[in-house]
Amino acid sequence: MAAPVPWACCAVLAAAAAVVYTQRHSPQEAPHVQYERLGSDVTLPCGTANWDAAVTWRVNGTDLASDLLNGSQLVLHGLELGHSGLYACFHRDSWHLRHQVLLHVGLPPREPVLSCRSNTYPKGFYCSWHLPTPTYIPNTFNVTVLHGSKIMVCEKDPALKNRCHIRYMHLFSTIKYKVSISVSNALGHNATAITFDEFTIVKPDPPENVVARPVPSNPRRLEVTWQTPSTWPDPESFPLKFFLRYRPLILDQWQHVELSDGTAHTITDAYAGKEYIIQVAAKDNEIGTWSDWSVAAHATPWTEEPRHLTTEAQAPETTTSTTSSLAPLPTTKICDTGELGSGGGPSIPFLISVPVTLALAAAATTTSSLLI
Amino acid sequence: MDLRAGDSWGMLACLCTVLWHLPAVPALNRTGDPGPGPSIQKTYDLTRYLEHQLRSLAGTYLNYLGPPFNEPDFNPPRLGAETLPRATVNLEVWRSLNDKLRLTQNYEAYSHLLCYLRGLNRQAATAELRHSLAHFCTSLQGLLGSIAGVMAALGYPLPQPLPGIEPTWAPGPAHSDFLQKMDDFWLLKELQTWLWRSAKDFNRLKKKMQPPAAAVTLHLEAHGF
């Protein structure tokens, strides 16, 4: 055999090395994207390789055990969300990348939940939707609105992606609106629709800026004011009525007042000295449903200032009056000191007992500290 | 015979002529009159009362008609019933209606609706239904009178009956039972919608009337009421 010409041999080797290098590091064709259903089994062939080709599979750069292979195909059983990733198969000896699959594990969409509401009557209404369970893969939604046989435009909300807005062209319509939504992803499709009358979906936003104030020299009164929701466009022609509820924090039972107009009300039967929680809801005078409850306002009715102390002899009485002004809660019991160390008792008795101890200690020393 | 739904309305057209000659509510002629404000409030209150009454009446009547009319999802296309006065109106047009037009539209609508309701009463099968319908018709008549009072107080003339209505009542050929029920369904639906609309109409009138009470009194004097 003739000896190879050295320079030709090097050139061939260099070319071969270059080919191998480019094949390993050249920009890959985009990986094949594949969606598979959670819990199912999938077999990933290594591109166009023969079944008996010797290949190695990697997921996200990590080698996969060969017991997952069926010939050159990768078999995955009982797909879980963790199986999502970039799968690549390489020729075992040359490490030549043969095929890539970007696998997404997900679910077909369940029936979407759709609801519509008019908080801007008579301007229009909006519809919003969501899926009851996640699909883990991208979904596209398509909403259509029909008024009788007329198609209406539903403008996408600029901020919220699962909401769109419809403007009323006509008021006082006897024809129902029908809103349909279809959702689809790579694994399936679903749809739903709702039908309603113009009047039934009217529900204002809750009243804003609810403020409760004590009334000077009136220990049983609280003055409550609020504003009509800013989203309600025309309170003059479409007046709202209001529902007020209030209770002292220590009780569970609410008191209710319905008000046909005005944005203020004075509570006259408050328990003296107790902190109250107050909320307001709104409704169109004639149609629709009540809004959600507003953000709660808190207030305590006006109480008379306690008189200043003057003599040492009054010190013990001062301590008792200190405890009584703390308004002991119905669930409170006077705890004995043995409970304090156990850590299992309720915290409230602890809070009551400590000031007593401190006040007694203070009284025992001097009275000057009690003078303001 | 091929009849379109809605021809039953034509049949009853003559009855409507009777209503146009309703005795006009005596004009307000007392001195120190507070103006139309209280009667607008009264009219508003009547629409609320009627709307409440209609809810139970419609429920009973639709049950009497049977399915699918009493199903909440029933959503038929609006075919026929073309002579029924429609409450639906373009939003901007409604906003910009002047008081006279607003009141006139209400008056005309209820006049027609009352007429058709009386026809309904005629055909109702059970005594209980006839009683409820008759009661409702009386209340609706009261609403008409109230609207007429407001119009008179503001110096607006009551609308005249349209020309061309046949004075003699000719019983037309009966058309299908189902189509008749469809007409009844739309009548009740339109009535309910009108009552909602009227509440809003009278709200608007109430707000407009509040400040210039003095101006209204002058207006009354000028018309010799």
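This is a predicted model: local features need pLDDT of at least 70, side-chain atom pairs count only at pLDDT 80 or more; totals for chains, interfaces and linings use all residues.
## Two chains, two make-ups

Chain A has 372 residues, of which 34% count as buried. Its secondary structure comes to four helices and 24 strands. Take the contacts in chain A between residues at least 6 apart in sequence: 62% of them join residues at least 24 apart. The chain exposes about 21400 Å², with 57% of that supplied by carbon and sulfur atoms.

Chain B holds eight helices and one strand. Along the sequence the elements run α-α-α-β-α-α-α-α-α. Of its 225 residues, 47% count as buried. Among chain B contacts between residues at least 6 apart in sequence, 90% link residues at least 24 apart.

## Strand pairing around β6 of chain A

Strand β6 (residues 73–76) of chain A pairs with strand β2 (residues 42–44) of chain A. The two run antiparallel and are joined by three bridges. Leu44(A) stands opposite Leu74(A) of β6(A).

β6(A) also pairs with strand β5 (residues 69–70) of chain A, again in the antiparallel sense, over two bridges. Here Asn70(A) has Gln73(A) as its bridge partner. The hairpin of β5(A) and β6(A) has two residues between the strands. Within this hairpin, Gly71(A) takes a positive phi near 70°.

## A four-stranded open sheet

One open sheet in chain A has four strands in the order β9-β10-β14-β13, with antiparallel pairing. Which strands stand at its edges? They are β9 (113–120) and β13 (155–156) of chain A. Each has a single partner strand, so one side of each is left without a neighbour in the sheet.

For β13(A), the partner is strand β14 (residues 163–167) of chain A, which runs antiparallel to β13(A) and is joined by two bridges. Glu155(A) has His165(A), in β14(A), as its bridge partner.

## The annotated domain and a nonpolar patch

An unreviewed UniProt entry lists residues 206–306 of chain A as "domain: Fibronectin type-III". In the model, this span is 0% helix and 48% strand. Its end C-alpha atoms lie 39 Å apart.

Leu249(A), Ile250(A), Leu251(A) and Tyr271(A) make a nonpolar surface patch of about 340 Å². Ile250(A) sits in the loop between β20 (240–248) and β21 (255–259) of chain A. Its relative accessible area is 38%, so Ile250(A) counts as partly exposed.

## Salt bridges within and between chains

The whole structure has 18 salt bridges over all chains. One of them joins Asp63(A) and Arg58(A), whose closest N and O atoms are 2.7 Å apart. Both ends are partly exposed: Asp63(A) has a relative accessibility of 45%, and Arg58(A) has a relative accessible area of 26%.

Another salt bridge pairs Lys189(B) with Asp197(A), at 3.2 Å from N to O. Why does this pair join two chains? Lys189(B) lies in helix α7 (residues 177–209) of chain B, while Asp197(A) lies in the loop between β17 (188–196) and β18 (208–215) of chain A, so the contact runs from chain to chain. Are the two residues buried or exposed? Lys189(B) is buried at 13% relative accessibility, and Asp197(A) is buried with a relative accessible area of 15%.

Arg204(B) and Asp234(A) also meet in a salt bridge, at 4.0 Å from N to O. Arg204(B) belongs to helix α7 of chain B and Asp234(A) to the loop between β19 (218–227) and β20 of chain A, so this pair too joins two chains. Both Arg204(B) and Asp234(A) are buried. Salt bridges that share partners join Asp234(A), Glu92(B), Arg95(B) and Arg204(B) into one network.

How values were computed: Residues are numbered from 1 along each chain as its sequence is written. Chains are lettered from A and ligands numbered from 1 in the order in which they are written. Side-chain values use heavy atoms; hydrogens and water are left out. Buried means under 20% relative accessible area, exposed over 50%, partly exposed in between (1.4 Å probe, protein chains only). Contact means heavy atoms within 4.5 Å. Accessible areas come from the Shrake-Rupley method with a 1.4 Å probe; for residues, only the protein chains shown count as cover. Patches are made of residues with over 30% relative accessible area and no salt bridge: like charges are joined within 9 Å, nonpolar side chains (Val, Leu, Ile, Met, Phe, Trp, Tyr) within 5 Å. A salt bridge is a side-chain nitrogen of Lys or Arg within 4 Å of a carboxyl oxygen of Asp or Glu. Two strands pair if DSSP finds at least two bridges between them. UniProt positions are given in the numbering used here, feature names are shortened, and annotations may be inferred rather than shown by experiment.
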